Amino acid sequence: MFLAFWIQYPLGTSLNWASVSDRIRITGVYYFLNSVAVLGIMSSLYWKQFISLFDSYFRRNVSLYREYCEVSQSRLFHISSFTVLFIMNFFFFLPVLVSLFVMAIAVMAVVFTLIFVVLVIWCFGLLTSFLVWFLLYRIPVYDLIYPRIRTWMLQHNSAVYHRLTSGDDVPISYIRLVCIKPGSLHHKLDCELITEDIATADFEALSYVWGTTMFPYNIKVNGKDFYVTYNLFSALHELRRPDRNRIVWIDALCINQADDVEKSYQVGLMKTIYSKASRVIVWLGTGSKVTTDAFNVARQFGDTRAEEDRNNLWTRVTTTPGWWSIRRVFNRILSHEWWTRAWIIQEVVVARRVVVQRGSAQLDWDTLQHIFAYRPFQDTFRSQSSTDFADAIQQLRIGLLSNNIDPTTLFDLVYEFRHQLATFGSDKIYAVLGLLPPGSSTAVAPDYSRSPEQVFIDFTLASIEENRDFAVVALAPGAALQGVSWCRDWQILNDGFGFNPVEYFSIYDLPPMRSYCTAGNSEPSVEADLSQCVLKVKGFELGVVAKRGECKFRIGYRPSYSWTSLLSNWERIAGGPWSSSSEEDLALSESFNRTIVADRWAGGIADWRAETEAAQSTFSPEEGSYAEALGCAGINRRFFVTQKGRFGLGPWKLKAGDVVVAVLGSVVPLVLRREDRGKIKGKRKLFKKYQSPEELVRETGIEEESKKEFWKLIGEAYCDGFMYYEGDINKDIQDGRVKIKDYNLR
């Protein structure tokens with residue numbers, strides 16, 4: 001390129017800028033392409049090789065310069081050697097520099113484009129996460145969408161049923177069963193509903209979780225389309241045999257879920273259905289190859305009885321290379337949603353034989369219990385509560401077989417399993433009816449035409465009548481129905497403080513020194529106005545709260561207050577610390593120390609400072625310790641002093657002006673709060689078509705509320721000096737020594 005330029009324009013040739021610029025434009029594209037090639041060479045060489053290449057080009061240009069200086073004949077103007085070298089090397093490096101600049105711009109453009117794309121994706125992800133959080137937690141979109149999908153599924157599925165009641169000349173002992181027709185994995189599921197007498201039918205029963213789905217799965221039932229959730233769809237695929245029919249009872253298929261009358265009748269047969277089934281299959285979802293290995297480990301533990309042999313087996317299993325895969329399988333089994341459901345308790349407890357199935361792998365329930373009950377296994381999976389829950393179910397199974405089931409009342413069962421989930425709120429009650437001992441009577445019967453709130457109120461009133469106490473009412477504060485402070489909403493999974501609630505005084509777990517009996521041997525006297533959700537009770541006032549102390553909250557396992565500072569605060573509220581010089585101060589000190597542990601420490605009355613200082617950093621709630629008694633009594637509660645100087649412990653939301661009442665039939669005092677009359681009168685706005693209170697009473701039959709005094713239940717209390725009634729309260733009421741008053745709870 002350079003040689004051609006100098007031949008055409010030898011040294012001494014008169015040049016002008018126009019001719020030079022034309023030449024540059026003609027060869028510009030070639031220069032650019034040549035520079036790209038040079039850059040490719042440069043990028044593939046080391047730095048020293050590039051210097052060597054530059055040196056060779058420079059030497060070549062110098063030799064060309066000398067050659068053309070010798071052959072040049074005419075010299076119109078003088079060009080210095082430096083100028084010639086500069087021009088020659090300038091034309092060599094100019095395309096390279098231009099290309100480097102263009103490539104730098106391109107690289108920068110790519111980098112900035114990538115940064116921009118990453119920022120856009122990050123912002124989009126952040127916005128999407130916020131929208132998901134907002135829609136799921138602030139606005140329950142899923143709770144709005146899925147029920148509609150489920151309702152559509154049930155209404156569509158109802159087309160395959162005929163009414164299964166005695167009105168259709170079908171005996172009430174008859175049930176539907178699902179016949180799963182044979183097929184391979186790739187064939188569409190085809191089922192048929194058949195009607196059989198439960199007394200003679202031979203079938204299996206499925207225990208599973210419905211689950212939720214936004215996209216229902218389609219199967220064939222009686223030749224028609226039928227929609228199910230994914231969990232049931234996957235279970236049916238595994239249950240289907242390749243060469244013959246299989247008869248199974250499955251609630252989602254065998255009960256017309258859109259018919260409340262049929263559902264109520266069939267739910268009453270659930271205990272009989274699961275007890276008559278040849279075996280109950282517990283479906284724990286789809287599995288993998290490792291699932292079989294995990295079940296084999298459980299079988300080995302089931303076959304090993306000696307503790308030493310089990311320890312050796314556990315050591316051998318946990319040191320094998322595949323242990324972490326097996327551990328993940330057990331973790332998925334224990335965290336499966338099945339363990340959280342309310343209905344599965346009855347389904348497993350009453351069954352003759354239970355088989356656990358995950359994917360195609362199966363294992364007997366009793367065999368699985370051996371490894372669940374093994375202490376090192378429980379320590380390994382201590383974050384999972386399913387092992388304790390499985391043990392509770394196993395104890396119920398053993399108790400039912402020996403006809404010695406404990407707990408024995410419906411209230412005890414509902415309270416014991418209050419943390420379980422149910423799609424329909426009323427199932428929290430219905431799901432444990434089958435666990436009651438034979439001959440037990442209850443006023444609660446399955447009726448899906450009633451709302452969960454109505455069922456909970458019925459259950460509360462039935463429990464008061466059956467147990468003759470107010471324990472069921474004492475559980476309501478913190479988890480009460482909206483607008484009904486005396487009735488618990490059993491759909492709520494916690495007791496108002498997460499999963500570390502207060503220890504209820506009325507059902508105290510610690511062995512009492514003396515049984516609480518605030519109202520003596522009195523029995524409940526209640527009247528319920530269900531139209532207004534008002535429960536009228538009788539009782540007598542023990543005192544009015546004058547002062548309250550701080551509260552030691554515990555949400556999860558994190559206390560928000562140290563015991564020393566908390567008890568010091570309580571002692572100041574009580575007027576302490578006291579000296580031991582006078583009997584009055586000594587009595588106050590004893591009352592305070594008795595109150596802070598709710599008179600439930602086996603060591604008797606003890607000075608709290610001496611106990612906490614002696615324990616120092618080891619002040620932990622070990623069984624039978626002072627810390628346990630203090631924690632059970634004081635966590636999530638407030639210390640209070642009444643206007644007459646009585647000490648007590650009450651709910652965390654207790655405030656000055658609340659009234660401590662001994663309600664007839666209640667073993668502990670209850671804290672009540674008088675409702676503001678302005679709020680009561682404001683409720684008349686709900687009846688907009690009535691112009692006056694008189695018209696409201698005349699048209700609705702509702703007594704004018706301004707003439708009544710209503711109370712809100714705040715919670716239980718310990719009030720020192722009133723926990724053990726001395727004498728016969730019924731006689732004292734008749735003699736007028738105890739003044740009884742009506743309290744309208746709402």
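This is a predicted model: local features need pLDDT of at least 70, side-chain atom pairs count only at pLDDT 80 or more; totals for chains, interfaces and linings use all residues.
Q: Is strand 17 largely enclosed by the rest of the structure or exposed, and how many of its five residues are buried?
A: Strand 17 covers residues 647-651. It is largely enclosed by the rest of the structure, because the number of buried residues among its five is five.

Q: Which residue of strand 17 is the bridge partner of phenylalanine 640?
A: Strand 16, residues 637-642, runs antiparallel to strand 17, and five bridges join the two. Phenylalanine 640 has its bridge partner in strand 17, and that partner is glycine 648.

Q: Which residue in the turn between strand 16 and strand 17 has a positive phi?
A: The two strands form a hairpin, with four residues between them. In this turn, a positive phi of about 90° belongs to glycine 645.

Q: Which residue of strand 21 is the bridge partner of glycine 648?
A: Strand 17 is also joined to strand 21, residues 718-719, by two bridges, and these strands run antiparallel. Glycine 648, the bridge partner of phenylalanine 640, has as its partner in strand 21 cysteine 719.

Q: How far from cysteine 254 is the nearest cysteine sulfur?
A: A search of the whole structure finds zero disulfides. Cysteine 254 is accordingly in no disulfide, and a disulfide would need the two sulfur atoms within 2.5 Å. The nearest cysteine sulfur belongs to cysteine 191, at a distance of 9.6 Å.

Q: Is cysteine 487 buried or exposed?
A: Cysteine 487 is in no disulfide, and the nearest cysteine sulfur, that of cysteine 533, is 8.4 Å away. The relative accessibility of cysteine 487 is 0%, so this residue counts as buried.

Note on methods
Residues are numbered from 1 along each chain as its sequence is written. Side-chain values use heavy atoms; hydrogens and water are left out. Buried means under 20% relative accessible area, exposed over 50%, partly exposed in between (1.4 Å probe, protein chains only). Two strands pair if DSSP finds at least two bridges between them.
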